[in-house]
Amino acid sequence: MMKQLSQRLFGPLTLILMGVNLVLGLWVVPPDKVQGELARLVYIHPSVAWVALYVSFGTAAISSALYLWKRTRSVVMDRVAHCAMEVSVVFIALTLITGSIWGRPAWGVWWAWDARLTSSAILGVLALGYLALRRANDETELRARRSAVFAVLVAINVPIIHFSVQWWKTLHQGATVFTSNRTLLIHGIQAWTLLISFIAFTMLFFWLLRYRYRLEVLRENLAGASLEEALSARRREGTQS
Amino acid sequence: MFFQSGGEDDVSDADAINELSPVAPPATKKRNRTRSIGVLVVLLLAIVALLSQGILHSLNYFETVDQVLAKRASFGTETMRLEGVVKSGSIVRTSTGASFYVTGSKGEVFVKSNGTPPQLFQDNIPVVVVGHFTTKTSMNFAGSQIMVKHTASYIEKNPNRVKAPNGSVR
């Protein structure tokens, strides 16, 4: 009962938080001292990147690792990894798009080949590669194993992206929240709105993941039903001849 | 087995019904392997292309004013990206762009740049200027593009407006 209720409330609660984030970010929070109105993108871009990099790609990598571990191996882990990676592609694309929209007026360029942006673009290519690898393999177990190994291996790019602004000199700004000396570089209502945006987009990911997972189960059931139907048809042919 | 029998006449209807389990198409494994290798090759090429554009050519995106001043001779007149903070009061807007000084902790470089500076270009903001020194020994830098490298700090523009004693927003 409680589980059903929480599942039903999850979607509306996500939408409400997204709305609160939008209202706070666009109208309530004052402009930034240096960036002015441009800083309002801080309530979208970092939280979308957070989901793309850590939440969705992380979910896909961890599910893949759990699939490879014999004790936790199951089709559920493979499905979660696949669905999380698909949602991850959307969030990586949104990260690059919102970053570019921010970069043009702030930096003066749409794109810069610095370490942070390049490694983020590589993450997008790797996520697409994962999906292509799945399509390339027909056999269920082989597909699950190969894609799981791939996801775990390419997850090394996540810490590279995270530390790129510390390891190399980049045009992209350094960390505002996850700083090396654990000092917040944003305060007051700006910080609270940023926190809400992180929670809202994280919830949006899990909401999308849930529906994508259900869609995948339905698709598999439909494929199974089609096979059964084809077999029945052949059986009927066999008995009629 | 169905295909090992002497002929169709040997197989009863009941056997035919029981032997309808799906048979994997031949050479599936080989096809899967070939496709997987194809995907990995395309992926590798895409990553190499991105790396060659980005990290391999500019692992460090710019040189700071201090680094350039320390090894000025090695940079000559080659095109580079110079990073420093715009010296307060030094900006002069021209018809073709802007001139200003970029500073580091050990000195400054005069920059004359063509093209419209970005929206955030202002005093005391870190910038990256694409360009080159005018001569091998000169400290004048001819820029073709200015990029603003804003900091990671966010500060409310008018904090008092949202912190008024009566709670009103003015």
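Trainee: Which residues does B:Val102 touch?
Mentor: Leaving out residues up to four places away in sequence, B:Val102 touches B:Val65, B:Leu82, B:Gly84, B:Val85, B:Val86, B:Glu108, B:Val109, B:Val111, B:Val127 and B:Val129. Touching, or contact, is C-beta atoms, placed from the backbone, within 7 Å. This is a predicted model: local features need pLDDT of at least 70, side-chain atom pairs count only at pLDDT 80 or more, and totals for chains, interfaces and linings use all residues. Residues are numbered from 1 along each chain as its sequence is written, with chains lettered from A and ligands numbered from 1 in the order in which they are written.

Trainee: New topic: at what angle do helix 3 and helix 4 of chain A pack?
Mentor: About 150°, with the axes of helix 3 (residues 75-106) and helix 4 (residues 115-136) 9 Å apart. Helices are DSSP runs of H or I, at least four residues, numbered from the N terminus; axes are lines fitted to C-alpha atoms over the stretch in contact, and angles run from 0 to 180 degrees between N-to-C directions.

Trainee: So are those two parallel or antiparallel?
Mentor: Helix 3 and helix 4 of chain A are therefore roughly antiparallel, the term for angles over 145 degrees.

Trainee: What is in that contact?
Mentor: Eleven nonpolar, five polar and two charged residues. Ala, Val, Leu, Ile, Met, Phe, Trp, Tyr, Cys and Pro count as nonpolar, Asp, Glu, Lys and Arg as charged, and the others, Gly among them, as polar.

Trainee: And how many residues does each chain give to the chain A and chain B contact?
Mentor: Chain B gives 44 and chain A gives 50. Helix 2 of chain B has the largest share of chain B's side, eleven residues.

Technical notes. Two residues are in contact if their C-beta atoms, placed from the backbone, lie within 7 Å. Angles under 35 degrees count as roughly parallel, over 145 as roughly antiparallel, 65 to 115 as roughly perpendicular and the rest as oblique.
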